[in-house]
Amino acid sequence: MIKICPLFSGSSGNCTYAEFENKDAVIIDCGKSARQIEKSLHENNIDISSVKGIFITHEHTDHVSGLKVFSKRYGIKIYGSKGTITNLKDKGIIENKSNCEIIEKKETDLGFASLKAFSISHDCSEGFGFVFTNKIGEKFAICTDLGFISNEVKNALTGANIIMLESNHDVMMLENGPYPYYLKKRILSSSGHLSNQDCAEFLPHLIKNGAKNIILSHLSAHNNVPELAIETSVCHLNKFGISLNKDFNLHVAPKINTQKLTFSI
Ligand SMILES: [Zn+2]
Ligand SMILES: [Zn+2]
């Protein structure tokens, strides 16, 4: 069993809870204040003592703003790439003596699950996505903050059963929206964010390879709406004869999970 509870998602903060057998769990990203994360865990009936590690995808504020306080308060180890950990220490986002472990892109045994990190193309020091595999081979993948789907990303996500995948913006909304030109350019670049269309085009492959639950994540508050993200993916899947609720389930990770949404395999 793997249980996923996306606590926060989007540019105002990201934090996801993933639980494996015996209630051993991890948190991926810590992009809200420690108080907000504690409150959300509590509201979702999650015991903080089950959290065995905090896995950081990259150093942007929307992924680390509560990291220092939360990890220190509960004595939870921080995991990330060498580039991410170094950057967090250099900027003083975490202390030099913080309880950290650098992870590499090889299979790592966490005891309750195995972990495989992969690179994402994003304007940060060394961004990672993660695939967690439980003892019976079920896989959960999280992949946000990326400009495009590289072969490495494709290989990593193939075969995953629950996937949190970025569906950041609608290109038309972004182009016609209020953002300044440099920011639009950044988001649309190969080291920016994944559009609804890019996300949708990747889904048939994932579903054919065992994805049962796909959670569209990191939606832009200004350049997207949940209905449009879902519609873009559903329209594309229909072209491939894949229909919602029969072959798979499609969801949106809410900005704040107040509805106790959880996804299991
Ligand atoms: Zn980012
Ligand atoms: Zn982000």
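**Figure 1. Leu115 meets Phe132 where β8 and β9 pair up.** In β9, Phe132 is the bridge partner of Leu115, and Val131 is the bridge partner of Lys116. Strands β8 (residues 114-119) and β9 run antiparallel and share 6 bridges (two strands pair if DSSP finds at least two bridges between them; strands are DSSP runs of E with at least two residues, helices are runs of H or I with at least four, and both are numbered from the N terminus). What you're looking at is a predicted model, where local features need pLDDT of at least 70, side-chain atom pairs count only at pLDDT 80 or more, and totals for chains, interfaces and linings use all residues. Residues are numbered from 1 along each chain as its sequence is written, while chains are lettered from A and ligands numbered from 1 in the order in which they are written.

**Figure 2. β9 is covered on both of its faces.** Strand β9 (residues 128-133) has 6 of its 6 residues buried (buried means 20 or more other C-beta atoms within 10 Å of the residue's own, exposed means 12 or fewer, and partly exposed is in between, with C-beta atoms placed from the backbone). In a regular strand, side chains alternate between the two faces of the sheet. Here Phe128, Phe130 and Phe132 point one way, and Gly129, Val131 and Thr133 point the other way.

**Figure 3. A hairpin links β9 to β10.** Five residues sit between these two strands, and Gly137 in the turn has a positive phi of about 90°. β10 covers residues 139-143, and its antiparallel pairing with β9 runs over 4 bridges. Phe132 shows up again here, standing opposite Phe140 in β10.

Figure 4. Inside it, β2 (residues 15-19) and β3 (residues 25-28) run antiparallel, joined by 4 bridges. Ala18 has Val26 as its bridge partner in β3.

Figure 5. Most residues other than glycine have a negative phi. Asn22, though not a glycine, has a positive phi of about 55°; Asn22 lies in the loop between β2 and β3. Asn45 also has a positive phi of about 55°, and its place is the loop between α1 (34-43) and β4 (51-55). Asn22 is exposed, with 9 other C-beta atoms within 10 Å, and Asn45 counts as exposed with 9 C-beta neighbours inside 10 Å.

**Figure 6. The two sides of helix α1.** Ile37, Ser40 and Leu41 are buried in α1. They span an arc of only 100° around the axis, so they end up on the same side of the helix (the arc is that of the directions from the helix axis to the C-beta atoms). What covers the buried residues includes β1 (3-8), β2 and α3 (67-74). Turned away from that buried side, Arg35 and His42 are exposed.

**Figure 7. Leu216 and the nonpolar core.** The largest nonpolar core has 69 residues, and Ala18, Ile54, Ala141, Cys143, Ile163 and Leu216 touch the most other members (a core is a set of buried Ala, Val, Leu, Ile, Met, Phe, Trp, Tyr and Cys residues joined through C-beta atoms within 7 Å). Helix α8 (residues 196-208) gives the most to this core, with 5 residues. Leaving out residues up to four places away in sequence, Leu216 touches Leu165, Ser167, Cys199, Ala229, Ile230, Ser233, His251, Val252 and Ala253 (touching, or being in contact, means C-beta atoms, placed from the backbone, within 7 Å).

How values were computed. Contact = placed C-beta atoms within 7 Å.
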